[in-house]
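Dear colleague,

Please find below the structure I am handing over to you, together with its sequence. My findings follow directly after it.

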Amino acid sequence: MKAAPFEYSRAADIDEACAWLAADDSARVIAGGQTLVPMMVMRLARPTRLIDINRIAALSYIRNDGDGVAIGATTRQCVVERDALVAAQVPLLARAIPNIGHAATRARGTIGGSLANADPAAELPLIAITLDAVLSYRAGEETAEIPAREFFIGPMITTLPAGGCLTGVRFSVWQGEKIGVGFHEVNARRSDFAFVSAAAQVELGADGKCKRIAIGVGAATDFPMRLDSAEQQLTGSTLDAKEVDAAVREALADIDALADLHASAEYRRRAAINLASRAVADAVSHAQGKKAQRNADAH
Amino acid sequence: MRIELNVNGTLHEIEVEPRTTLLDCLRDLLDLKGAHAGCEHGVCGACTVLFDGVAVRSCLMFAAQAAGTPITTIEGVTPGPGELSPIQDAFCETHGTQCGYCTPAMVLVAHALLADNPEPTRDQIVEAISGNICRCTGYAQIVEAIALAAERMRGANRPRSLSK
């Protein structure tokens with residue numbers, strides 16, 4: 001369990017990191033390393049050079065830049081977990097983060113690293129897709145932005161161009177009085193990889209009806225998905241349990257679910273329907289001011 | 001490459017390969033065998049050290065990345081030679097050690113937890129050690145040890161009139 005030899009370079013700023021990336025096709029960026037290092041020691045990844053972006057101070061921040069809550073790529077997951085701005089303005093993100101790995105991996109793991117890694121079972125890509133987050137990156141001299149829905153295209157595959165380095169992500173902030181969130185996942189053990197996860201955010205109007213809703217399902221398919229048809233059907237409704245279940249069931253009827261030793265495609269589809277319905281139900285209770293439910297999806 | 005590591009308050013100037021993990025560096029170059037090499041890919045937690053006071057996996061970090069940041073290993077938590085920290089003491093008393101393989105990491109996780117939260121609930125203790133596997137499955141005594149240590153550390157240096 002030792003990594004193959006490589007060169008190590010610590011970048012002082014993003015320009016330097018991008019210049020090094022452009023100069024070597026087999027170089028890789030290391031941020032928290034909580035996935036990359038295991039892949040390297042198992043020799044599933046053999047980069048010739050690691051470009052360490054951990055000490056680039058400009059990539060670690062959390063701020064509301066007017067368009068939403070912007071988070072720097074190397075911001076540690078544990079920092080976001082405890083951040084008051086995130087808790088107040090992007091509650092779904094705050095709700096999901098404790099489910100990422102363990103405290104010791106969140107202490108090193110970064111927001112950008114998990115997004116760039118694009119594991120189908122990872123929580124952050126699911127939240128980014130559910131909230132229509134916008135990712136920003138640098139490739140050479142060029143700076144660009146890309147919506148989360150166009151970023152994730154397959155398991156561990158993104159549209160980040162070769163030589164590109166993710167620099168940050170921006171989550172839009174839902175304005176409104178009654179906003180609620182829900183998140184559920186099932187896994188074999190606490191904080192293991194999810195077999196299925198589901199996230200929901202709702203805004204209720206003064207009449208208690210659904211003004212706006214976003215529902216996402218992760219780990220069931222090659223990359224997290226949004227339940228667009230269910231969202232359309234449920235907007236304007238009272239979000240009663242039957243209605244939600246029917247809409248979610250229909251949206252997930254034809255998905256091409258992943259299957260492995262631990263969870264069959266049929267199981268994943270069934271669990272996705274249940275978890276998405278629960279996430280919406282939690283989001284509604286939360287928006288109505290009831291106490292948020294803790295994740296309790298044990299088998 | 002040449003790096004300078006700050007481990008348990010001592011600066012060490014050492015020569016490492018870029019691929020040397022912090023864990024291998026601590027064990028093989030600095031002879032600090034308290035960080036255990038269990039799974040070596042971040043699953044078991046046996047290699048836990050404190051990185052700037054925070055519990056991290058030393059197998060998931062290259063030594064070169066750790067240069068310049070204070071690191072504490074189990075060898076660095078005792079108040080003096082031949083003594084035990086209150087947390088280690090509590091592990092002994094409650095039989096929280098079992099075979100001992102996961103113990104240094106469990107103790108360090110407890111140190112990080114109690115530094116941050118002197119009065120953890122049982123759930124918070126369970127959550128804190130959830131990333132550390134004990135193959136003896138002696139979790140009940142480990143949780144008991146951390147709760148006992150927390151109680152004692154809260155009681156230390158308090159006037160008797162304030163004690164319960």
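Directly after helix α3 of chain B comes B:H95, a residue with a positive phi, near 60°. Please note that this is a predicted model.

The helix itself, α3(B), spans residues 86-93, and B:I87, B:Q88, B:A90 and B:F91 are buried in it. Viewed down the axis of α3(B), these buried residues lie within an arc of 160°, so they line one face of the helix. Their packing partners are α4 (103-116) and α6 (139-155), both of chain B.

I turn next to the interface with chain A. Here 25 residues of chain B are in contact with 31 residues of chain A. The two chains bury about 2,300 Å² between them, and carbon and sulfur atoms give 56% of that area. Of the area that chain B buries against chain A, 28% comes from B:R19, B:L60 and B:Q65, more than from any other three residues.

As to polar interactions, the interface of chain B and chain A holds eight residue pairs in polar contact, with both residues at pLDDT 80 or more. Three salt bridges are also found across this interface. One of them joins the side chains of B:D116 and A:R82, at 2.8 Å from N to O.

On the side of chain B that touches chain A, β4 (54-57) and α2 (63-66) each supply at least two residues. The most come from β4(B), which gives four. By residue class, this side of chain B comprises 14 nonpolar, five polar and six charged residues.

With kind regards

Conventions:
Residues are numbered from 1 along each chain as its sequence is written. Chains are lettered from A and ligands numbered from 1 in the order in which they are written. This is a predicted model: local features need pLDDT of at least 70, side-chain atom pairs count only at pLDDT 80 or more; totals for chains, interfaces and linings use all residues. Side-chain values use heavy atoms; hydrogens and water are left out. Contact means heavy atoms within 4.5 Å. Buried area is the accessible area (1.4 Å probe) that two parts lose on being put together, summed over both. A salt bridge is a side-chain nitrogen of Lys or Arg within 4 Å of a carboxyl oxygen of Asp or Glu. A polar contact is a pair of N or O atoms within 3.5 Å; within protein, one must be able to donate a hydrogen and the other to accept it, and residues adjacent in sequence count only if both atoms are side-chain atoms. Ala, Val, Leu, Ile, Met, Phe, Trp, Tyr, Cys and Pro count as nonpolar, Asp, Glu, Lys and Arg as charged, and the others, Gly among them, as polar. Buried means under 20% relative accessible area, exposed over 50%, partly exposed in between (1.4 Å probe, protein chains only). The arc is that of the directions from the helix axis to the C-beta atoms.
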